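Me: I should like to learn how to read individual features of a protein model. May we go through some of them in turn?

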Amino acid sequence: MSVNEALRVVRRRWRIVALCVLLGLLGAGVASYLTPREYSSDVTLYVSLQGRADSSDAAYQASQIAKERVVSYAPLLQDERITQPVIDKLQLGVTSAQLAQRITVTVQPETVVLSAAVTDTSPQRAADIANALADEFVGLVSSLEQPFGPQPPAAAAGQPAAQPTKIGVQIIRPATAVNQPISPNIPFNIALGTALGLLVGLAAAFLRNARDTRIHSVERLRELTGAPLLAEIPTERNARMYPLTLGAPPGSARVEAMRKLRTNLQFPHGGRPSRVVVVTSATVGEGKTTTACNLALALADAGARVLIIDLNLRRPDVHHYLQVDPGAGVANVLVGRIAAARATVRWVDGGVDVLPAGPIPANPSELVASRAMGALLDEVRHRYDFVILDTPALLPVTDAAAVAARADGTVLVVRYDRTAEEQVADAVGGLEAVGAPLLGVVLAGTPGTRMIQRDRSGSYPEPDAASVARRPPPAPPVQQPVQGPQPQPPMQSVPAPPTAPVSAATVAAAAQRPQQTAQANGDAADGAESHNGSSGSNGSNGSSKSTASTDQPTEMLSGNGVERPSPTRRG
C-alpha cells in the first residue's frame, strides 16, 4: 500500500480514528481522576568526618571512607531497624515492608550527599516520615561507626572532652510539606492516552478497510463492470432538499457532472447515441431516479426532445420529483386503457415530457415484459430524441432486466461508500444474462474531497448566475399521430378563424378530404373524427391542420405548472 492509499484510508475512516483517540483521552481522564493523589517529601543527609583529624593524610583518608560509606548506607534507610521505629513513633498503621516501598533513596555519584524521598497521600505526613527516618538513620550510623586513629588526649579540668575521630551523618536539609502532587501525572496520562488511541484507531481503520467491500475507487468500479465511467456526481449540502439541478448555480459540481453524463451519452465512443436509455441501480436508494430526472433536464437544456418514463411500477418517484399529476400513466397505457400520447404530460419548467407510472398494478413484472411495452418503446423512439426509462433496482426484482433487454443501452448508478462489490458484479451479470448493453456507470455520492483534488488541475471562473440566460422552456407540444418514421417537430397552436356561414355542398366536400387523409395514414377513428370536425369548421386543408392543434385544449394541473392535453370528446 502506497502512502497516498494509506492517507485515503485514514481520510475515509477518520471517524474511527477520531473515536479511538477520544476514547483514549477519556480513559486517560478517568484514570487520572480515579488515581489517588500522592505527595512526595525528601530529606538530604551529609556523610562526613566527625572530630578533628591530626593531619591532612588522616582527613583525606576519612573523606575516602565517607564516600565508601555512602553507598553502604543507602539500603539502611529502608531497613526494618529504621522503618519500624518510625511506624511506632508516628503510628502509621502500615508494615515495615509497605513503608519501605514508599521510600526512595538517591546517592549522588562521587559525593557524600544522600537523599531519601517519601511518598504519601498526605503532604504533611510524607514530611514527618522523612524527618523521622533521618533521625533514626543518624542514630543508627552513630552506633555502627567506630572511632579510628589515635585516641584524643584527656581534657584538662573544666574543659570538654575531645571527640574521637569517626564517620557520622548530618541532616543538612530537613523535609518540608509540598502541596503539589506527583501522582497522577495528568499531562503524561493525556499524552499516553492520545498515543494509544491513535495507534488503536489506525489499526482499526486499516482492518475495517480490509474487510469493507463497498465501492470507494473508480478503478475498482471499472474492473468490476468493464464499462466506462460516465460521470461522478458529488455530494452537496442542499442535495437532499433540492435534488434536481433545475435552478442550481451554473458552476455547481452536480450541474457539471450531469453535463458530462449528457455529453458521454450524446457522443459515445465508436457508435451512434442510444435513444432509449434505462437508468437503474443494483439496490434501492442509490440515486437512480434523481440521476434520471437530472439527465433528462440536461438533455433538454441541450435542445433535445426528451421523454422520461417512470417504469418503477412498485414505488414510483418521478412524479414526486417533477411535481406532475400521477393519475393516468404507463400502467394504464400497457393495459390498453389510454393512449401514450394522452397519458404524457408536459413539465414546462424543465422542457421535458413525462409519462408517469400511474396506479400501481398487481403484476408489474408481467406488464414491463409484455408486448405492449415493446410497442410503447417503438412508438416513442421515433417521436423523441431521447427516452429516459427509470426502472426499479436490478437485484430485488426482474423489472429492470426485462426493460433493459428492449432498450438501446443501460446506465448503472452506483452509490459511493454504499454499494458493495458483490452487488455491482451481480447487477452486471443480470444485464449480461438478458443481453442488455451496458453503456457505462455513474458513481453517485462521491465526497467533496475528490472534486477538490480534481479542481487542482485548474478550472474556469464560475459565471455570474444573474448573467446566465437559461433557455426558455419550449411551448407544450400537441400530441399528434406519427406520420412516418421521421420525427416531426411540434406545431404551434394558432387561434381558429371565425366561422363563416357555408353552404351544405361546401361542408360535404370538406368532410371527404380528411377522411381520405386518415385512410392513407392509417390513423385511428378518434383522429379521423377530430380531423372531420376541424375541416368542417374551416373549410380547407390548411385550416384543418391549424385547427387540429387547437382542437385538443390543454388543462393546467394546479400547483405544478404542467400542461396536459384534455381528452377529446366524440362528436
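Reply: In this predicted model, helix 10 is followed by Gly303, whose phi is positive, near 95°.

Me: Which residues make up helix 10, and what should they span?

Reply: Helix 10 covers residues 288-301, which is 14 residues. At 1.5 Å a residue they should span 20 Å, and the end C-alpha atoms are 20 Å apart, which agrees.

Me: Where are Gln323 and Asp417 found?

Reply: Gln323 belongs to the loop between helix 11 (318-322) and helix 12 (330-334). Its relative accessibility is 46%, so Gln323 counts as partly exposed. Asp417 sits in the loop between strand 11 (409-415) and helix 17 (421-433), and its 28% relative accessibility makes Asp417 partly exposed.

Me: Is the peptide bond from Ser183 to Pro184 cis or trans?

Reply: The bond from Ser183 to Pro184 is cis, with omega near 5°. Pro184 is placed in the loop between strand 4 (166-173) and helix 7 (186-211).

Me: How is a pair of aromatic rings described?

Reply: Such a pair is described by the distance of the centres and the angle of the planes. The count here comes to one aromatic pair. Tyr73 and Phe137 form this pair, with 5.8 Å centre to centre and 80° between the planes. Planes over 60 degrees apart count as edge-to-face, and the pair of Tyr73 and Phe137 is accordingly edge-to-face.

Me: Which parts does the pair of Tyr73 and Phe137 tie together?

Reply: Tyr73 lies in helix 3 (residues 56-73) and Phe137 in helix 6 (residues 123-144), so the pair ties together parts that are 64 residues apart in sequence. Both Tyr73 and Phe137 are buried.

Me: With which residues is Thr104 in contact, leaving aside its neighbours within four places in sequence?

Reply: With those neighbours left aside, Thr104 is in contact with Gln78, Ser115, Ala116 and Ala117. Thr104 is located in strand 2 (residues 103-107) and is partly exposed, with a relative accessible area of 45%.

Terms used: Residues are numbered from 1 along each chain as its sequence is written. This is a predicted model: local features need pLDDT of at least 70, side-chain atom pairs count only at pLDDT 80 or more; totals for chains, interfaces and linings use all residues. Side-chain values use heavy atoms; hydrogens and water are left out. Rings of Phe, Tyr and Trp (its six-membered ring) pair if their centres lie within 6.5 Å; planes under 30 degrees apart count as stacked, over 60 as edge-to-face and the rest as tilted. Helices (H or I, at least four residues) and strands (E, at least two) are DSSP runs, numbered from the N terminus. Buried means under 20% relative accessible area, exposed over 50%, partly exposed in between (1.4 Å probe, protein chains only). The expected span of a helix is 1.5 Å times one less than its number of residues. Contact means heavy atoms within 4.5 Å.
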